[in-house]
Amino acid sequence: KALITSFTDTSNVVATITTDFASTSAIASGSWNLSINSVDGLDYLEGEVLQVVANGGETPTVTVSSGSVTLDGQYNVVTLGLGYNADIQLLDIDPSSDIGTAFGLRGKIHEVGIEYFETVGLEIGKDSDNLDEVLFRTGIDNLGEGTPVSSGFKRLYPKGGWGDTMSLFIRQSGPLPMTIKSVTLKGKVNE
C-alpha cells in the first residue's frame, strides 16, 4: 500500500509506501485502486446511524457528524445507508395427516429447503423473535474480506417447538443482498 502525498501531473504522483509491495515489478495501471477512510457530503443525514458495506463486507455502523463519517479502515468500494430489515413471512401451511387435513392440530416445521440467488446472509425461524443465522461463509473464503455472494440451495433445520400454526419467517437485517427463489417446508403434526 502507498499513501499519495502529492500530485505532480496526470501521469505522476509522489507516495509514501505504508505496506511493502509483493513485487518490485511495475504494476499495471488497471491494478491500482484508490482507497478512502472517510466519506463527506452527508449533511442531510446528520446524527443518523448508517450501515456500511466496504469492499463487499459488512463493517461497523457509523454515525454522521458534521456531515461526514470515518470508517474503521481504508476501503476501495463503500456503500452507506440507513438500516432496515427485509422480512418475509410465509403463510401458515396445512400439511395433510393420516386422517386428512391437519387444520387445528399442533405442528412444527422440521425441515426447510431454500433456493437463493446472489445472497449473503439471512436468518430463519418460526417468527421474528426466534431467528437463527444461516451461514454463507465457507472454509475457502478469505478471512478479512467480505463473504462473496452465492447462489444455490440450502437444507436447514430450524429450531422451534410445537405450535398452533406452522409458518416460517425469513429476515435479512444487514445491508447485503437477499433473493429467495423458492422455499420448501416439511412439517410434522401431532395427531
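Which element of the chain has the lowest mean pLDDT, and which the highest? The model is a predicted one, and among the elements of its chain strand 9 (residues 96–97) has the lowest mean pLDDT, 63. The highest value, 94, belongs to strand 8 (residues 86–89).

**Confidence**

- Averaged over the chain, pLDDT is 85.
- A score of at least 70 is reached by 93% of the residues.

**The chain as a whole**

- The secondary structure consists of 16 strands and zero helices.
- The chain has a radius of gyration of 24 Å, whereas the globule rule gives 16 Å for 191 residues; the chain is therefore more spread out than a compact globule.
- The C-alpha trace spans about 85 × 40 × 20 Å along its principal axes.
- Buried residues make up 27% of the 191 residues in the chain.
- Considering contacts between residues at least 6 apart in sequence, 67% of them join residues at least 24 apart.

- Three strands form an open sheet in the order 14-11-16, and their pairing is antiparallel.
- Strand 14 (150–156) and strand 16 (180–189) are at the edges; each has a single partner strand, so one side of each lacks a neighbour in the sheet.
- On average, neighbouring strands of this sheet are turned by 10 degrees against each other, direction ignored.
- Nine bridges join strand 11 and strand 16, which pair in the antiparallel sense.
- Lysine 108 has lysine 188, in strand 16, as its bridge partner.

- Strand 11 (residues 107–119) contains glutamate 111.
- Is glutamate 111 buried or exposed? Its relative accessible area is 11%, and because buried means under 20%, glutamate 111 counts as buried.
- A polar contact of 2.9 Å links the side chain of glutamate 111 to the side chain of arginine 155.
- Which residues does glutamate 111 touch, leaving aside those up to four places away in sequence? They are Arg155, Leu156, Tyr157, Pro158, Thr184, Leu185 and Lys186.

Methods:
Residues numbered from 1 in each chain as written. Predicted model: local features only at pLDDT ≥ 70, side-chain atom pairs only at ≥ 80, totals over all residues. Heavy atoms only, no water. Helix = DSSP H or I, 4+ residues; strand = E, 2+ residues; numbered from the N terminus. Buried < 20%, exposed > 50% of the residue type's maximum accessible area, 1.4 Å probe, protein only. Polar contact = N/O pair within 3.5 Å; in protein donor to acceptor, adjacent residues only side chain to side chain. Contact = heavy atoms within 4.5 Å. pLDDT = per-residue confidence, 0-100. Pairing = 2+ DSSP bridges. Axes fitted to C-alpha atoms, helices over the stretch in contact; angles between N-to-C directions. Rg over C-alpha atoms; globule rule 2.2 N^0.38 Å.
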